[in-house]
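Let's look together at how the parts of this model meet one another. The report starts inside one chain and then turns to the contact between chains.

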Amino acid sequence: MIRRCLWGLALVGFVIIPFLAPAFWLTLLDIAGISALIGLGLVLLTGAAGLTSFGQAAFAGIAAYVTAYLTTVSGFSALAALPFCLLAVALAALLLGGVTLRLSGHYLPISTIAWAAAIFFLFAQLQLLGGQTGLAGIPPISLSGFQFLSGQSCFVLIWACVLAVIVTQNFLLRSRAGRAIRSLRGGALLAESFGIHVFRTRLTAFVYAALLAGLAGWLYVEFIRFLNPTPFDITAGIKDLFVVMIGGAAYPWGAVAGAAILSALPVVLQAVTSGQNENYDLIAYGVIIVLLLQRSRIGLVGALVARFPALAAPGVKVSSSSAALLSRQVPRRGEVLLRAENVEKWFGGLCAVRDMSFEVRAGEIVGLIGPNGAGKSTMFNLITGATAPSAGKITLCGADVTGAAPGAAIRLGVSRSFQHVKLLHGASVLENVMIGGHLRGRNGILAGMFRADRAEEASLAAEAVRQLERVGLADVMHRPAGSLALGAQRLVEVARALCADPVLLLLDEPAAGLRHTEKQELAQLLHTLRDEGMAVLLVEHDMDFVMNLVDRLVVMDAGAKLTEGLPETVQADQRVLDVYLGGVA
Amino acid sequence: MNTTIAMLLIQDGLTSGAIYALIALALLIVFTITRVILVPQGQFVTFSALTFGLLQSGVMPLTAVPVAVMAVIASGLDVAAAPKERRWRTLRDAAWRQLTWPLVLLLVTFSVNPTGLGIFGQILFTLAVVIPLGPLMFRLVFAPMADSSILLLLIVAVAVDVAMGGVALLLFGSDGVRTAPLLAMSIPLGGIRIHGAVLLVLATGAAAMLGLFLFFGRTLAGKALRATAYNALGARLVGIKVRRAGQVAFLLAAALGAISGILVSSIMTVYFDSGFIIGLKGFIAAIIGGLASYPLAVGGALVIGMIEAWSAFYNSTFQDVIVFSALVPILVVRSLLSPDLATDEPAE
């Protein structure tokens, strides 16, 4: 309700401001709108995907220079130049993203600083582009005879773009593609484990952000109609990131709030320092950002949402009348789903897993136990392809996956939970579980932006709710996952793994942090799943829980298999007692 | 192209390469120990070069003022954080430990005529006033958020750089500075003359690297730092003070930056915003070493210096464009060497 009112207010403002605001403020608002567009790209890139770029101003610069060149030299109209300038920006983003986005997170921002500097020097040095003096006489946008020359008409154009991007971005962030982008924040392992291609998803977010910067660059050059390199220098790129840090990187409106503040700040400082030089605002920006990030990282809009929860985006709608998702065929009972043969893993000179061979069949629960450091979690990472084995062979559902990409396991129907919980803390429990169903959906980024994905989203949400009901967390599904107790978070991971419709479920210490009754309920659930034909492999330290649950045990010690068998046999095995009790007993 | 020009270019490349190597080493020390990607490293170079330059031209720089301001804020924070009954004692200790040095610097600033210091006095004063900026920066900015993600620390580092750029403009103005060579001699070698400035840069660079090698390899403090870089939690468990390690890392970085600044001021004109680009080139060298390998970073720095010297000869207009574009092939190689997914740090 409050959100509707605010949207109404924004639309009213959009209509009346051009008639009321004095020319100076109108110009300032136009500049703020352009800055907000760049910021909106960073909301997706930094706020959602957890990547950072200091080079957005350089993308805007590429678009601006392509537009200026095409309109002044090649005789294009402003509108005809738009597709070309966006194409140029997209190509640049694909090239730069292509060489940087496979690397871990911090390489991207440093690289963006370097190539933003390079692109800026290029603008300043190329005589073709006017060098330091720049290009003048750029024609305005004209639409069937009407020319966008006045501050009013530019305001309408710029802010129409901003509002349209906010609307579509809000939809996108809550869609399947948006969840994939947001899952990047949980680390590459989380995303890949549910079939989200990390590099491609990063590249998508990067190109999306670059295209918005490109649109901003095009609007800028058409608004100012004169072009020199200064607005696209590295300081400008840094300020673009500050915009979303101050406004709130997790919210599209954060870009608007940040842009408004940073556009107004120089004016305010000019008044306060009575028109001294510009270096005070550099110092002010720097100090404000440091203080802000030391204290709170949610920005202005984040603080407002925390104070007034009614402002938060509404949760995922759950309707009962949705088509069921396709399910995998249940394997024949007793079919071998996992076979590890002589698997070995070396980390440098350390052997974490040595000559491990075992099988897991459909319709059984197998426990993988062993003292701390026995190599159980490494074994999990080997099975799911998170790390490649140094030797040996791993077969999942009949397919050889040795050394395959992490997405292979989930595609074959093998899903997992993590020893160290990997949930998106800010996202709702339901959305976290829906990430598990990623591969059961089809819709991409465009369908998400324009809500052409409603039927599929409803089915995914219904499936996620069904899994949450199974683990007993349906009543908290709209709460942020980070607000749950650790035990409950582990159950969310179980639900997320189930949402992928697995035939083999790998659970890494699912019962840690659960209360006694919760453990009993979890055991009950796993028994039900087994009876339905699923296979479960779990690592667990709680021996009471394990012994009453599993059909078979595999015991690891110092990276190698110690023994394997029925729980009673293993419990009676002297060697097992020795490794657990250190041989004292 | 003849041998004489080639020799000159190699000399240029080695000289700037040695400077970038010092920067790259500082960046690596700070990154491995504190996970901070120290974008403001170049500012230490600028502050030092301009402080020294002003001293040489007989003007007393006000570099001690920001040092004093930061020290006052730091001790204020210490006192505020102390329990009520111990506030006086904390204040006394803080005043003694943190404020004495800035006070001495301020006294020198406002009472001494720079020409009376002599060249060694000027160098010493420059080092004395620039080096404290490192630990103070760590104390005020990075120590309170030491547990944050690399990404967040990087954004903060950029913010610090922006603020320091503003301070540099206030302190030193927008005029460039170039000092007279420290060693007014040159030796002939194969048809060209090797200038004293070049020899000094190379000798200082080699000495600094040797010093670091001995510090990290032979002293307990150095080994403790290496342990922190390897595993901060493990280091804490065996009694190494991780916060102290961060302070030492920033001190070393500021010292390397200050030394580079004095050296650089005699081989190029330094402006208030030159540090950023110099620092960035150090970064590219550090990236060649994967932000982890010291020898690769030094080698990388020399390569960057060479690329710069040769591109300056062939196409001086696009010199920086060429140097920064060299990053692309480096990143491609790094991509091919990238590690397992399991080691990737989540953003949350």
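## Domains and contacts

Chain A splits into domain 1 (2-12 + 22-311) and domain 2 (336-581), with bounds that come from an automatic or database domain assignment. This is a predicted model, where local features need pLDDT of at least 70, side-chain atom pairs count only at pLDDT 80 or more, and totals for chains, interfaces and linings use all residues. Residues are numbered from 1 along each chain as its sequence is written, while chains are lettered from A and ligands numbered from 1 in the order in which they are written.

Between the C-alpha centres of domain 1 and domain 2 of chain A there are 41 Å. Where the two domains of chain A touch, 24 residues of domain 1 are in contact with 29 residues of domain 2 (contact: C-beta atoms, placed from the backbone, within 7 Å). On the domain 1 side, helix H6 (151-173), helix H7 (176-183) and helix H8 (188-193) of chain A each bring at least two residues; H7(A) gives the largest share, 7 residues. Helices here are DSSP runs (H or I, at least four residues), numbered from the N terminus.

Now for the chains: 46 residues of chain B and 49 residues of chain A take part in their contact. Helix H7 (150-172), helix H12 (274-288), helix H14 (319-325) and helix H15 (327-336) of chain B each supply at least two residues of the chain B side, and the largest share, 16 residues, belongs to H7(B).
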